[in-house]
Amino acid sequence: MTRREMLLKAGQGFGAVVLASLLEAAESNPLAPKPPQVPAKAKSVIYLFMHGGVSHVDTFDPKPELARHNGQPLSVELAKTIKTSFIHDPTKAILRGSPWTFRPGGKCGTPVSDLFPRVRERMDDIAVIRSCFGDVFDHAPAIYLRNSGSQFPGRPCLGSWVVYGLGTENQNLPSFVVMSDGSTKSGPPAYSAGFLPAVYQGTVFRGGDDPILYLRNPEGISGETQRDTLNFIGKLDRMHDAARPGDSTLEARIASYELAFRMQSAAPEAVDFAKETPATRKLYGLDENRTADFGRKCLLARRLVERGVRFVQIYSGTNVGDDWDAAHEDLVGSHEKMAGKIDQPIAALLEDLKARGLLDSTLVVWSGEFGRTPLSQGKNGRDHHPYGFTMWMAGAGIKGGQALGSTDEFGVQAVDMRVDAHDVNATLLRLVGLDHEKLTYFYQGRDQRLTDVHGQNEFTRKLLA
Amino acid sequence: MRAPFCALAALVAVALAPLPAPADNSPALAVAVLEKRCGQCHGEQTAASDLRLVGREPLLKGGKRGPAIKPGSPADSLLFQAVSHTGTLSMPPGGQLDPVEIEILRVWIEKGAEWPAGVAHARTNNWWAFRKPTRPPVPQMAGAVTPIDAYLLEKLQAAGITPAPEADKLALIRRASFDLHGLPPSPEQVRQFLNDNSADAWERLIDSLLASPRYGEKWGRHWLDLVRYGDTAGFEQDPYTLEAWRYRDYVIKSFNDDKPYDRFAKEQIAGDDLWPDNPDSRTGTGYYRVGTNRDMLFKVEDMNQVEKLTDYVDTTSSVFLGLTVACARCHDHKFDPIPQRDFYRMQAIFAPAVNDRVFLEYNEARFYDIAANYREFKLRQMGEEISRIQRPYREKLRDEKIAKLPPDVQTALKLKPEQRSSEQQAVAVQSEEKVKVTDDDVRAILSQADAERLHSIEKRLVSMFAGYSAPPMAPGIIDVGREAPRTYIAIRGNPNAPGDEVGPGFLSALGGGDVPDSPLHAKSTGRRKALADWLASPDNPLFARVMVNRIWQYHFGSGLVRTPSDFGTRAGAPSHPELLDWLAAEFTARKWSIKSMHKLIMMSDAYRRSANATPEARRLDPGNTLVAHTNRRRLEAEEVRDAVLQASGSLSLKMGGAPVVPPLEPEELYGIIGKPDAAWVVTPNAEEHTRRSVYLIQRRTFQHPMFAAFDAPDGVLSCSRRNESTTAPQSLALLNSRFMLEQARLLAEKVTTVDDAWRRILDRDPTPEERHGAEEFIEKQTARLGSKSAAFAELARGLLNTNEFLYVD
């Protein structure tokens, strides 16, 4: 739907008289779709954020040498390159091999551990990047860094930059949707618009029929009353506006009430799975307790992307319940539990997007704030490890079945094709048609960028090759 | 957000206006365009293709492609061909300049491409903002009642724009009230003002508004935006900065007392050193403490210190100097003459600062400290006593719970952790929940005697904290002593790559100078004291200008310099340079009285103009750079909430004290770090919940959702100008939140007629047409909702959502 059509539709609640001014107001709509800066590979992004830190050496980065040196310390030289939260002296800690078996996945044979048997079947669509690195080993700053390019809160996150750069196709739904289990270690600043206008803020979708805050009519107010009241407001506003000609801001606010009203029906429609087939529900694991929650989020992500939502971010893990970070004390228990919740839904998402022809225009990203130490923390755990870890991407014309970059033989330091948060973000922006050096916002004396002055090791070409 | 080049368009209108020929502005405009659009690649340092757009000579010389301009002939000038896309070369890469900008360059080249005398390139340190303002002569303009009007009219006339007429009295009192108090006037205030036809009614209104403590709450909030105020420190734990609110109250009081701005600034920079015996002044140093910090992140103390010092340099330079010194952290500033060395010289000033507690009243604070130690000691004793009593019960209950589990789990749980295999450990961890013994479990089986013993301890515990009051202390800073840690230039901003050592000193662009060593027996380095004296001085070219521009901006919606915390070259020239300097001169002459500046501004005709732009002004000056009319503005986040509370009659005007945590719905708390009932402990006394928004808690990791929707700053970076966005989530919040519904109902309880509702919410009577529509609405909703009061609540909810309520004309 073009902007004009959208507005014509949105304008049906009004007389034709105000339509012209509505159209004028729409010209200044900051969320109107904008052409990409560079050729885009994808229109939408689904970003699966693994909160708390997934162990790379137990999932997508097999390390036979680690198993072989099980129980031995690292060389002092290598151990001294890392600093972590709870292993106080890495030179005295011991290496621990992965308790899971790795097996080749798909036709390509990219190895994946038994934690992700279903995702393993989709490896032909997936490009694994094994050489991510960063320098922050605390959760909140690391989550901020991955999302916003800075360890400090207060800067716009990737999703906000993307909708700032591209606008959104469906004005009746939020452009940037976040789903979590409620509480995260970073809080809302991880999906905030920072210094960008509030319109680019991530909108949190909660469970239930009314996913957006304040979506439901107030208690005791029926749909008819709400409509009457809106009409009443509209009438007063038009009289007010008539005495103040030529102010597009006033007109934009009149339109925002109609938009809010439309969102009240569009959002519940998006979260209503009634029309999904039993086969689809089963595919996403909605029938099973373990997978139902994450499955619902993944299915919803697909439905949102279908409806033109630009950016969806889903968090796996929470700091008030099950989390990847429980690996401090219990690697096996935490990772079995967390992977068990998401493996099938993620595989289903990839399969479903592909079957519907949406995978080519959707970029699917899987990443956390860091990996976990190849060294054992205590007897059964692994600590935070930002020095070398794994993420993966699929869709957006990315060549699947490949593994880029590498860590050293023990999975301690990223070695080949070292890419930091900025390089990754520059790449993600490029895939949706934005140039990280040109996507700027003037603030505090300079043209601010998601990647600040970094991002030189963008690796889009390698992904597409 | 308005298009940034409306301002330029308006200036072009001035520059090109045929009648009475004003000074030719085209060189200044052209240089501003070149700086802004081309400077990044063709600056003195960057010089892409060897082209430096930094002066007439460099342009005539040109770069690798030959001369950039042929004065008098735009069509033959490579620069013009490139920007107009009429030749083989198209610039800038990836886009085209705004047509207005292209026109500016064309006119400028045609007129001979003079490099402006007044606006020399910044690299020469001769940027207008770095020269001390002198009091310019006030132009003689017929019809101008104040000097402010004379300066403004001069440009308006040159542009051929007739300013808008004066606004009606209702608009005026609403404007003045929101601007100075952040609140609508009460119906009584409106009635009085409308009936007061004396010549000085307006002046007396301003005086009375300035005398009210509501003023400090509004203008203190502006300042809190600037100094990135928050009650917590941020990150995962987001701990409270204890007694941060003492600084908030200090700011509000300083505004209410009309504390001279130089004193206010000095107290914040170095109150500890300048007035060591004055706790109020020292509380000003809370300025350093109320920002984000990562002190709670361990093993990265060195980095936390670096970030803290960077924040001090960044915030201090942008708030007090309007300069983006932080841009020189990694390399010389790209646009302004601020070498990297200057960043670290400024950082050295803060290097010796450490956290301190300001004892607000010495004896009281000492006694408090002693009592706190005693309490801590007793607390530990009681804690031990409680566990001693509970232990046998806990062990018994745990054994019972274990006995009910499968045998392999029992085995695993009974082993000590180091004896378990990894499978057993996994089983044990997973079963931990099942064998957990709660306080309630224990309580249920306590013997009578033990229950009484515990009860008596609990009673003692509670009494220890009864009447627990906030410590009589404020967060502040102090120098660690006379010796400071050394400061090195961090190569490319990397603190692990130290370059030259530098000493403390001032910005070279503003004259430079070193901070001398303090006397041998001094308790501090005296560095911040020296900075305070240097900053807050009439000789500092930026100190007064930056603040008067802020005051202007908060009254008119945008400043004479549009980027209030950036007076560097990227800011361009002010829209009214002489007016800016005149205001700065007045500010100094009026002994830095902010209240007197309000009055000076508000007594002008310019301030009292209608918010309706004439068609002519809309066409010639769409960005209203020339101030032909008032900028209509949306209420700020806090104003929305406060105005709703005032309309419903529930606003509490209690001032000061610990931050209030208002009740929020679970869905509003979604996303907060931690479990909501633990992370958001609502202030028990419900009367506190309706206090003004400035007193509500400001968590760094969680913003009140209504404030977040209405563009309130997050308190991480200094915010010099809020966004004014219009979004559907704002409408949803105002329509559907429980807060709005409750306030609408409270309002309805007090209202019996449509007229009454209008007066309380919109400060006026309804028109006959509105009255008729509203009565119809009431009738219909009474039938639908079953009661007249419910219908009035609906009417109120509607009125609170109108543009008239949400905007100030």
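**Entry 1: the contact between chains A and B.** I looked up the contact in this predicted model and found that 66 residues come from chain A and 73 residues from chain B, with two residues in contact if their C-beta atoms, placed from the backbone, lie within 7 Å. On the chain A side, the elements that give two or more residues include helix H6 (139–148), strand E6 (203–204) and helix H8 (223–242) of chain A. Helices (H or I, at least four residues) and strands (E, at least two) are DSSP runs, numbered from the N terminus. H8(A) gives the largest share of that side, 10 residues.

**Entry 2: the sheet of chain A.** I then traced an open sheet of eight strands with mixed pairing, in the order E6-E5-E7-E1-E8-E11-E4-E12 (chain A), where two strands pair if DSSP finds at least two bridges between them. E6 and strand E12 (402–404) of chain A are the edge strands, each pairing on one side only. Strand E5 (residues 176–179) of chain A runs parallel to E6(A) and is joined to E6(A) by two bridges; A:Val177 has A:Thr203 in E6(A) as its bridge partner.

**Entry 3: helices on the sheet.** Helix H11 (residues 289–306) of chain A packs on the sheet, and its direction makes about 175° with that of E7(A). Axes are lines fitted to C-alpha atoms, for helices over the stretch in contact, and angles run from 0 to 180 degrees between N-to-C directions. H12(A) lies across E1, E7, E8 and strand E11 (389–395) of chain A, running at about 165° to E8(A).

**Entry 4: conventions.** Residues are numbered from 1 along each chain as its sequence is written, while chains are lettered from A and ligands numbered from 1 in the order in which they are written. As the model is predicted, local features need pLDDT of at least 70 and side-chain atom pairs count only at pLDDT 80 or more, whereas totals for chains, interfaces and linings use all residues.
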